[in-house]
Amino acid sequence: MNHDGGHGGIGMHVQLGMLFTMKSLFPGALLPEGTKLAHDIGAAPPLRFASRADADAVPFDYNDLDAILGRFGIRRGSKKAAQVAETLLTCGEVTAAASGGDSGEEPRTCATSHEAVISFAASALGTSAPRAATTVVHGGGGGRRRREEPRRYVVAPDGVDRIGSGGAVVPCHPMPYPYEVFYCHRPSDAVALRVELASVGEDGDAALGATAVAVCHMNTTMWDAHYFDMLNARRGEPSATTCPRAMCYG
């Protein structure tokens, strides 16, 4: 599905439980059942290249799709192959838009290494040393009950803090691919929050919870209408919020 303008028309894989309204993030708020902040707890993490040079040496273009699928042993026609193709097409659009030099476009990129993430964030934020924040799920390992996230989260007392002082942030969203690929952008009119969450209900374990990074987009008038169906909110309501896996700020 697309953010029509919210992410510059980028094809993001947003599911129920990844979006919130800003007004719903307050101490004591119970997040909707099904909220998931981690991806495949217990599964092997995607390949991470040791350096930007190693990542740049691997083809990353839709025209090389067959070679890429063969390199990673992905069967053509499979769901994973379709995800790889969509990521390559999306990132091709990002590259084309960036090379067009449209000053009205928000800065954005697809980064295939952490070096590339930091380099883009430094440029977009105008700083030589951007700081990073990530969403962390607590209590995800050891024991059968801890292999998955809590069934429900509640915002902890004094659990909402603003990140950074200038308001400029670069959220980086993971894209489905055989190795780490992040869609990074610097949105305008955004507020970054760190939200402490505790488990509730059957879990009943204080050690289970999460420290979530939330980027609240203050102008959502151009977002896909389906997002507001997921949020049970009105288009443009301040402000739809997504919790990305990583974020940089000045």
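**Cysteines, core and rings**

Modeller: Cys172 has a relative accessible area of 2%, so this residue is buried; buried means under 20% relative accessible area, exposed over 50%, and partly exposed in between, with a 1.4 Å probe and protein chains only. This is a predicted model, in which local features need pLDDT of at least 70 and side-chain atom pairs count only at pLDDT 80 or more, while totals for chains, interfaces and linings use all residues. Residues are numbered from 1 along each chain as its sequence is written, and side-chain values use heavy atoms, with hydrogens and water left out.

Cys172 lies in strand β6 and Cys184 in strand β7, so the link ties together parts that are 12 residues apart in sequence. Helices (H or I, at least four residues) and strands (E, at least two) are DSSP runs numbered from the N terminus.

By the sulfur distance rule there are two disulfides. Cys91 and Cys110 form a disulfide with a sulfur separation of 2.1 Å. This link is left-handed, with -80 degrees about the S-S bond. Because Cys91 lies in helix α3 and Cys110 in strand β2 (residues 108-111), the pair ties together parts that are 19 residues apart in sequence. Both Cys91 and Cys110 are buried. Counting bonded cysteines along the chain, the pattern is 1-2, 3-4.

Leu69 touches Ile74, Arg76, Ala81 and Val84, leaving aside residues up to four places away in sequence; contact here means heavy atoms within 4.5 Å. Cys216 has 0% relative accessibility and so counts as buried.

A search of the whole structure finds four aromatic pairs, where rings of Phe, Tyr and Trp (its six-membered ring) pair if their centres lie within 6.5 Å, and planes under 30 degrees apart count as stacked, over 60 as edge-to-face and the rest as tilted. Phe72 and Tyr179 form a tilted pair, 5.7 Å centre to centre with 45 degrees between the planes. Phe72 lies in the loop between α2 and α3, and Tyr179 in the loop between β6 (169-174) and β7 (182-185), so this pair ties together parts that are 107 residues apart in sequence. Phe72 has 26% relative accessibility and so counts as partly exposed, whereas Tyr179, at 1%, counts as buried. Tyr177 and Tyr179 form an edge-to-face pair, with centres 4.9 Å apart and planes at 90 degrees. Tyr177 counts as buried because its relative accessibility is 10%. Ring pairs link Phe49, Phe60, Phe72, Tyr177 and Tyr179 into a cluster.

As for confidence, pLDDT is the predictor's confidence in each residue, from 0 to 100. The protein averages 79, and 76% of the residues score at least 70. Among the elements, α2 has the highest mean pLDDT (96) and strand β10 (residues 240-242) the lowest (50). Over residues 1-11 the pLDDT stays under 50, and the model has 41 contacts beyond four places in sequence for that stretch. Over residues 142-146 it also stays under 50, with eight such contacts.

Methods:
A disulfide is a pair of cysteine sulfur atoms within 2.5 Å.
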